[in-house]
Amino acid sequence: MTQASSSRLYGAIQRRRNRGLVGLYLVVGAFLLLYAVLFPGILTIGGFSKFTQNWFPLALVTMAQALLMLNGGITLAIGPLVSLGAVIAATTMGSAFGVPGGILAVIATGLGIGAATGAIVALLRLPAIIVTLAGSFIITGVALILLPRPGGFVPGWLSTLLAGHTPVAFLLLLVILALWKIFLATPLGLAIYAAGDNPVGAFRSGVPIERVKIVSFALSGVLAALGGLFVAAQTGSGDPIIGAPFTLNSIAAAVLGGVGFLGGKGTMRGAVCGSLLLSVMINVMFFLGFPPVAQYVAQGLIIVGAVAVPARLALWRAAR
Amino acid sequence: MNVNASSSGALRRFLKATVAAGLALAAFSGAAHAASTCVKGDRKAPYTIGWANIYSVPTWMKQTEGTITAEVDELKKAGLVKDLMITDAQGNAQTQIQHIQSMIDANVDAIVVIAGSSNALDRVISDACDKGIAIVNFDSLVNTDKVTAKINTDSSEWGGEAAKWLVNKLGGKGKIIVMNGPAGISVSDDRRRGAQPVLDANKGIEVITETNTEYNVAPAQEAMTSLLFANQEIDGVLSLGGALSAGSVLAFDRQGREQVPITGENARQFLELWKEKGLKGWATMQPNWLGALSVYTAVQALEGKSVPAFIKVPLPVIDDSSIDSYLARADKFPADGYIYSDYDKALFDKLLAQ
């Protein structure tokens, strides 16, 4: 009986959440369809693999950003963390540490930096936007010290495995999304939403707000650093400033995906969908033959449209 | 026996086929030897060219793109090119990878590229090379050698030649200020590094101080203005590029200080100030027509000509004897742009023949 009612409740909540995203799903679906018409090669394994590889790092950093935004935070250190992850991967994998050591080092770095940032934000009660802005300068500096010029080395087999002609990156994304789903079912995962939506209420219900904040920053750091690891594998080397544009793009993708700035509002699938739209848009505009100037304009229009269509749909539904 | 005969027949046929294949292979490898890297010879004119730019907004880039589209128009008339696809990665190397991947997907015949990162593009470019797409990389170069050609001037020579001119002008003695582009940018580093041996060899030259600014007038002028307050005696300015020199000249002018010998680049504003103030000046340039030359090189390679793997473009020099010829053409260039030296097909052919 309780089981049935709770699963009914779950279904109802999921439906309500998905409804807000229908507009975005439609827009993304239309773009994917258009892309497949313009470039049928996307339907082959090779074409699909290459396309998803170019999307994958953006999807990861968007998850890293959305995770914090759901918790009522934000980070401006995503890009530098991607760069640092790439630099650490490219400098350790060629050394005695090898690939496993490199992967561990990247994860440890993301976890450590994320947790430290989270601790400063949570325990000293400082605004996340300022702390992560300061953090972004420090992390950029460290990346430049470790690798002043692009270089380093990632073994060819790892590059081929992650970014070859097979959809490994896409499968990894599915695995990460599944892990997120499982994580959300745990008290800690639920607490991320709760603390973001209503911190005072969550605190009174016994949610350890500070610890949750630190955990979300740490997980976000790991995702961003792993994004850097993938970029290093994809390019075969490290570049100390390659991640910079990811900061703004991760915020744009999350907001496109319906994640609110005030916490507790939005879904991870929406955010990932938003990142997919940003990525597929670039390819569609290329195949439509837009000149660069028109691309700047079109990009802005598509983003406004992708936010406006769901909003209009919601209004229309409310009026009905 | 019968079996043997037939097998020996098979063997004979096999040998014959092998020999034929061997001959074909020899002929093919002979052709491959003559042709350029990446080019397989299976692509026929008219060609589709992809121009993968990293960032289209700066004036230098716009002018460079202008030479590319002009060259493509010429080649279209000759029936060699049918289409030009232009992308702008907006400064994002990751987006540039995605653009180049799309160009591979669209099966363009050649890709002309200014790299947003010296090694981030290596893998996607080598993928394109494997598909037989001619890759010509200029200005900002990639690491991988799986390209048809790389085209550039020598930044270190840039700095060295500028320093030599200034040292000679000052008679090997005097106090100078060095103006650099942004720190950590390879062009800026390389030019500065090229100047060092010349400065080391002339002990009479004292570098008072150095500046690092964007390649723009305003920040350079600001930096020079504060240095003018601090230093009463300045004999020369070793400016290493862009609009830095124009900023310096303006700073001297506003402070009412007497102009000193100065080096620089072909920024229109600097050249006009040079004439107007009667400066003792010297300038060189990163010619915008490297873009046009790249398209030309790509098409030549696709046409089966053998092009050099690295094309070093000599630095054109502007001095008192040639400045008038540059200023005479000034109105054809944007006010904040660069007056580049003339170019034609003969010059390109000469550069390709090195």
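## Close-up views of chain B and its contact with chain A

**View 1. The interface between the two chains.** In this predicted model, 25 residues of chain A are in contact with 23 residues of chain B. Contact means that two C-beta atoms, placed from the backbone, lie within 7 Å. On the side of chain B that touches chain A, β2, α3 and α4 (122-130) each supply at least two residues. The largest share, nine residues, comes from α3(B). By type, this side of chain B divides into six nonpolar, 13 polar and four charged residues. Here Ala, Val, Leu, Ile, Met, Phe, Trp, Tyr, Cys and Pro count as nonpolar; Asp, Glu, Lys and Arg count as charged; the others, Gly among them, count as polar. Helices (H or I, at least four residues) and strands (E, at least two) are DSSP runs, numbered from the N terminus.

Residues are numbered from 1 along each chain as its sequence is written, and chains are lettered from A and ligands numbered from 1 in the order in which they are written. Because the model is predicted, local features need pLDDT of at least 70 and side-chain atom pairs count only at pLDDT 80 or more, while totals for chains, interfaces and linings use all residues.

**View 2. Helix α12 of chain A against helix α3 of chain B.** The axes of α12(A) (residues 268-287) and α3(B) (residues 93-105) come within 10 Å and cross at roughly 45 degrees. That makes α12(A) oblique to α3(B). Axes are lines fitted to C-alpha atoms, for helices over the stretch in contact, and angles run from 0 to 180 degrees between N-to-C directions. Angles under 35 degrees count as roughly parallel, over 145 as roughly antiparallel, 65 to 115 as roughly perpendicular and the rest as oblique. Ile282(A), Asn283(A), Phe286(A) and Phe287(A) from α12(A) meet Thr95(B), Gln98(B), His99(B) and Ser102(B) from α3(B). Three of the residues in this contact are nonpolar, five are polar and none is charged.

**View 3. The loop between α1 and β1 of chain B.** Pro46(B) sits in the loop between α1 (2-34) and β1 (47-53). A cis peptide bond joins Ala45(B) to Pro46(B), with omega about 0 degrees. Most residues other than glycine have a negative phi, and most peptide bonds are trans. Arg43(B) also lies in the loop between α1 and β1. Arg43(B) counts as partly exposed because it has 17 C-beta neighbours inside 10 Å. The cut-offs are 20 or more other C-beta atoms within 10 Å for buried, 12 or fewer for exposed, and partly exposed in between, with C-beta atoms placed from the backbone. Beyond its neighbours within four places in sequence, Arg43(B) is in contact with Asp109(B), Gly132(B) and Leu302(B). The C-alpha atoms of Arg43(B) and Ile133(B) are 8.7 Å apart, although 90 residues separate the two along the chain.

**View 4. Two positive phi values in chain B.** Gln90(B) lies in the loop between β2 (81-88) and α3. Its phi is near 50 degrees, positive in a residue other than glycine. Gln90(B) has 19 C-beta neighbours inside 10 Å, so it counts as partly exposed. Asp139(B) lies in the loop between β4 (134-138) and β5 (149-152). Asp139(B) is not a glycine, yet its phi is positive, about 65 degrees. With 22 C-beta neighbours inside 10 Å, Asp139(B) counts as buried.
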